Amino acid sequence: MAFNTQRLQFPGHSGAILAARLDLPNGPLRAYAIFAHCFTCSKDFVAARRVAAELAREGVGVLRFDFTGLGSSGGEFASTNFSSNVADLLSAADYLRQHYAAPSLLIGHSLGGAAVLAVARDIPEVRAVATIGAPADVGHVLKNFGASLEEIEKSGSADVNLAARTFLIRKQFVEDAREQRIKAAVSSLKKPLLILHAPLDQTVGIENATEIFLAAKHPKSFVSLDKADHLLTDPEDAAFAGRIISGWLTRYLVADTPQGTQPIEHVRVMETGEGKFQNAVQAGGHRLFADEPETVGGLDSGPSPYDFLSIALGACTSMTLRLYAEHKGFALGRIGVDVSHAKIHAKDCEECTESERSGSARIDHFERVISIDGEVSEELRGKIVEIAGKCPVHRTLEAVAKIKTVVKS
């Protein structure tokens, strides 16, 4: 699950009930997207979960569902084909349109990528399309059938082993795949297109990305997934793809709505469900992750809580010094602030008073190193230290703050 996840069901093209998850962001929602999974995969595959998590961080709600006959969805897989997948996508878009809002983005992985390319022109509200490892020809999937393809042609059906599972494939699937014209659909897409593909993809070769790119009209973009495999089994590869898509997508969405509109800042933090410690953070119109390093069981997908404290002190110091320099009207080179945090014994604290050092407890110790481009006189150096001490965050950290906690269900 990612962020605030809702379990949903809706009827697919044949009336079979399709299982879905809707991943919603913590704060204001900017748009909806649909994620179409790879052939014989499911909505819960790592690539789908990670991409949805990254988009939710940007304020995009993502509907990911199992195609008919796959995952937790009803229906018979043997009766499906590429055209039925496209029809399921239209059903998903109708469901969002009726119950939430029509999708602004379509994302497809592998054969799901071909499906979103085929269906995008039939969903007028879609503003942009992104594909991951998509084939330029639906018939490409038939190569995975091996010797079973001949049996399907001869007998009308055969059991095919795909991804360590056995599926009954009928001749109608093969015939439908061969009839598809994905490049023609891409040529008439008339929507921004982002193509992500791994150069070393052994399942769908990189030449497919080239064919799709050449068929597409501008605006179009290509991003290499470097050493990733076709299924993005490495979570970091999946997260990278999600970050690229979410960054690219913001160009085609309405501006984000700030979280805090009152004079007092309002920051919202919520678990994403990814990893042990990952939390989504929204501060104003800014979204980011808080996490812990891998060494303590985190995903290292964002700064730790104490990193954020250090960031606050460093940023406040730099801003305070800049305001002081402008107020006094003198040139001050570019400011840099390095902040480190540690727990030390009170007796080892050089900045503490004698009474403070007499205790046996450990205390939080921040060390701040300020660097200024250019020459700095001794007189100015002392003034910089003095002004840095007036930084509001500095004063907050040194003072005794009061925290009120309220629990609501």
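Phe145 and Phe173 are both buried, a term that stands for a relative accessible area under 20%, with exposed meaning over 50% and partly exposed the range in between (1.4 Å probe, protein chains only). The model is a predicted one, in which local features need pLDDT of at least 70 and side-chain atom pairs count only at pLDDT 80 or more, while totals for chains, interfaces and linings use all residues. Residues are numbered from 1 along each chain as its sequence is written, and side-chain values use heavy atoms, with hydrogens and water left out.

Across the whole structure, a search finds 11 aromatic pairs, where rings of Phe, Tyr and Trp (its six-membered ring) pair if their centres lie within 6.5 Å, and where planes under 30 degrees apart count as stacked, over 60 as edge-to-face and the rest as tilted. Two of these pairs involve Phe173, as the table shows.

| Pair | Centre distance | Plane angle | Class |
|---|---|---|---|
| Phe39 and Phe173 | 5.6 Å | 35° | tilted |
| Phe145 and Phe173 | 6.0 Å | 50° | tilted |

Phe39, in the loop between β3 (31–36) and α1 (46–57), and Phe173, in helix α5 (residues 171–179), are 134 residues apart, and their pair links distant parts of the chain; helices (H or I, at least four residues) and strands (E, at least two) are DSSP runs, numbered from the N terminus. Phe39 is buried at a relative accessible area of 14%, and Phe173 is buried at 4%. Phe145 lies in the loop between β6 (128–132) and α4 (148–155), so its pair with Phe173 ties together parts that are 28 residues apart in sequence.

Elsewhere, ring pairs join Phe10, Tyr32, Phe65, Phe67, Tyr95 and Tyr100 into a cluster.
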